[in-house]
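Dear colleague,

Please read them alongside the coordinates.

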Amino acid sequence: MDALPPENLYPYTVSRPIYSNPTFEEDNERQTREERTLRERLSRTCGCSGRQALKVVKGVFPVIDWLSRYPIREWLPSDVISGVSTGLVCSLQGLAYALLVSVAPVYGLYSAFFPILTYFLLGTSRHISVGPFPVTCLMVGSVVLTLAPDDHFLLPGNGTALIAFNLDSVFAGQVMWSTGDQVFLPIQVVMGLLQVGFLVRYLSDPLVGGFTTAAAFHVLISQLKIVLSVPTNNHSGCFSILYTLIDVFTNIRQTNRADLVAGLLTIVIVMAVKEVNSKFRHKIPVPIPIEVIVTMVAAGISYATELESRYGASIVHSIPRGFAPAQPPNTQLLWNILGSSFSTAVVGYAVAVSVAKVYAAKHDYTIDGNQELIAFGFSNVFCGCFSGFVASTALSRTAVQESTGGKSQMAGIISALMVMIVILALGNLLEPLQKSVLAAIVVANLKGMFMQVTEVPTLWRQNRADCFIWLATCLASVVLGLDVGLLAGLVFEMGTVVVRTQFPACSTLGNIPEMDAKNKFPGIKIFKCNAPIYFANIDYFKERLRATVGFDSVRVFKKRNKALKKIHKLIKKGKLRATEVRYSLIIDNIHLFSSESFETGNFHLSVEDGDWPVPEVEVRVDWALELPVRVSVPKVQIHSLVLDFSAVSFLDVVAVKSLRLVIKEFLRIGVNVYIAGCDDEIVRKMEALAFFDEEVTRDLLFLSVHDAILFIKLETLSLMQDCKEPPPFTEEEDLIETYDNQLAHPCSRS
């Protein structure tokens with residue numbers, strides 16, 4: 001919305017009393033918060049009625065809620081069309097992503113089928129397509145390569161070590177089952193039951209963007225060796241990309257030309273048709289299923305021309321019909337994969353929820369993050385029982401399901417039926433398919449992840465801290481590996497949060513001249529802190545406060561005491577002659593005190609020998625004037641300090657103790673301190689931490705800075721009328737900022 005021109009601005013006047021927190025609570029009858037006992041809380045939480053029981057059941061099984069209201073005539077035709085289209089894509093992506101896990105392609109079909117069944121019952125998103133995701137597949141694959149020896153995967157062929165999978169060995173499947181899904185039960189399901197899905201929010205968009213971009217690099221390099229069909233060793237962990245590239249270029253002369261040509265053609269064709277689908281998505285009713293077309297054509301060409309026997313091409317070989325029998329996990333591998341499984345679980349959930357939120361916002365419904373944890377946890381456990389690997393979602397596959405008219409997870413069930421048909425009947429038709437074609441399909445689907453690099457310049461212009469998070473996470477994930485890189489990125493992100501709160505932006509506020517041109521009130525400073533105050537930043541808070549007021553209250557107090565002691569000694573020695581005159585004390589014609597001064601130092605003298613008619617006199621000094629002793633006392637140009645706490649969200653024990661001490665330090669040198677804009681929760685925290693005492697009372701709290709400034713003005717004007725003399729600071733250079741209205745603005749940044 002554009003700002004109104006000055007001639008269209010309408011002035012207004014608000015008339016109300018000046019409120020401190022105590023007077024406001026007294027006038028408006030503050031209600032005390034009702035504190036329930038533990039027994040009352042448990043009875044309220046654990047109580048069960050028929051309605052509550054039904055609500056709990058629907059929460060655990062959302063399908064009961066939406067399926068009972070499913071509009072068959074309106075939604076079912078669209079869901080059938082979407083399910084068929086998505087099922088074909090699921091089948092091919094399952095075959096392709098199995099290469100990332102370093103297992104046989106048939107396991108990818110299992111992973112594209114079983115998770116959908118469980119998510120249909122437990123999930124809350126109507127549009128995401130559950131199944132393999134390249135990033136999590138690669139993370140599982142790195143663990144598989146670490147735990148499984150090469151002998152289980154490399155078979156000799158035509159004089160070279162071609163990549164193949166020994167399907168007679170179940171070791172890879174056991175590793176995959178343990179890695180991908182066994183640990184998901186205590187991680188994802190337990191996180192969902194404990195309602196800690198909010199922890200994934202710490203994976204910010206810049207962090208996820210940098211991580212997934214780095215994962216795209218890992219996927220590209222891992223598929224490069226399959227497109228070229230060159231032998232390489234298995235590498236994981238730090239610098240795995242570099243080692244893989246070295247192996248690829250070392251054996252580049254062994255490249256299979258048939259696989260290379262098929263892979264390059266697939267990449268070009270798939271990316272070109274996807275661009276057409278994207279550009280004309282509003283004109284094409286159903287996206288062209290280019291992956292399906294390319295796969296069927298490539299399988300037919302490979303079968304007709306006998307690429308394996310004539311040119312040594314690496315093909316899928318056997319895709320057994322039917323499902324693998326359920327088997328228990330290999331518990332001996334549990335502790336070796338716990339860390340990697342946790343990072344994989346978090347990434348898979350974060351990606352799935354992010355995609356689900358996009359489509360939920362688009363179609364005006366909500367998802368339950370904790371229920372999504374439970375849904376994906378049980379989906380992965382169920383999938384793992386049948387030798388599948390980690391399930392999440394892929395943006396491209398979900399986009400197909402939504403763009404083809406999918407309205408609910410009924411489309412997901414139909415897509416699972418299509419995958420089941422491939423597993424039971426059509427799998428043998430894909431046995432002649434070259435692996436380089438599957439690898440090329442994976443590479444072609446990485447475009448969206450690589451395009452995230454274009455976000456970096458925008459982040460640099462908008463928020464450099466977020467840009468550094470993106471770059472640090474991406475670089476760490478490329479160099480250190482995905483699991484360690486994710487942890488490093490998360491630590492770096494938390495570090496930026498700590499730094500930004502440890503060194504918050506603080507400012508001195510003042511009035512807008514156009515809003516109050518008549519009065520400028522000297523002697524007041526307004527200090528605002530734009531962050532929580534806690535143990536890590538309380539010292540910085542005090543440093544910025546000292547810089548704002550222009551003096552150190554502790555040093556001022558010590559210097560004043562030193563000066564008063566010297567004056568005492570001079571008077572006792574008779575070197576200074578003092579005379580009490582009305583409200584002033586004259587010592588050798590030096591004016592030490594005037595009653596209207598707002599900053600004074602007190603000192604009681606007992607005179608043993610001298611001309612005074614009284615045995616004791618109180619020396620009160622106007623510290624703004626020249627002193628009769630050689631002590632450099634810092635000038636204090638203010639009589640009031642207002643702390644604007646409107647942006648302070650919490651205080652801890654250390655901050656409260658330090659803040660109370662700071663206020664007392666100002667009070668003992670004659671500077672009154674007021675706190676404005678405190679949230680009610682902050683006030684309760686102050687009360688709980690014994691912030692208030694006889695010196696620091698609740699009367700220093702005000703609803704707003706404006707209330708505090710008006711109160712100070714009235715108090716000072718009342719003092720001036722009693723004294724019938726103007727305040728001592730009248731020079732232009734002594735005038736300081738005031739805050740005379742609610743439209744305050746930062747006039748100096750510290």
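Lys664 is partly exposed, with a relative accessible area of 24%, where buried means under 20% relative accessible area, exposed over 50%, and partly exposed in between (1.4 Å probe, protein chains only). The side chain of Lys664 meets that of Asp693 in a salt bridge at 2.8 Å, N to O, a salt bridge being a side-chain nitrogen of Lys or Arg within 4 Å of a carboxyl oxygen of Asp or Glu. Because Lys664 lies in helix H26 (residues 653-667) and Asp693 in the loop between helix H27 (680-688) and strand E14 (701-702), the pair ties together parts that are 29 residues apart in sequence. Helices (H or I, at least four residues) and strands (E, at least two) are DSSP runs, numbered from the N terminus. Asp693 also counts as partly exposed, at 29% relative accessibility.

This is a predicted model, in which local features need pLDDT of at least 70 and side-chain atom pairs count only at pLDDT 80 or more, while totals for chains, interfaces and linings use all residues. Residues are numbered from 1 along each chain as its sequence is written, and side-chain values use heavy atoms, with hydrogens and water left out.

By the rule above, the count comes to 10 salt bridges. One of them joins Lys362 and Glu402, whose closest N and O atoms are 3.1 Å apart; since Lys362 lies in helix H15 (residues 334-362) and Glu402 in helix H17 (residues 395-403), this pair ties together parts that are 40 residues apart in sequence. Lys362 is exposed, with a relative accessible area of 55%, whereas Glu402 is buried, at 14%.

Within helix H27, Arg684 and Glu681 lie 3 residues apart, about one turn of the helix, and their side chains meet in a salt bridge (3.9 Å, N to O). Arg684 is partly exposed at 21% relative accessibility, as is Glu681 at 40%, and salt bridges that share partners join Asp680, Glu681 and Arg684 into one network.

As for the chain as a whole, the secondary structure comes to 28 helices and 15 strands, and buried residues make up 49% of the 750 residues. Among contacts (heavy atoms within 4.5 Å) between residues at least 6 apart in sequence, 81% join residues at least 24 apart.
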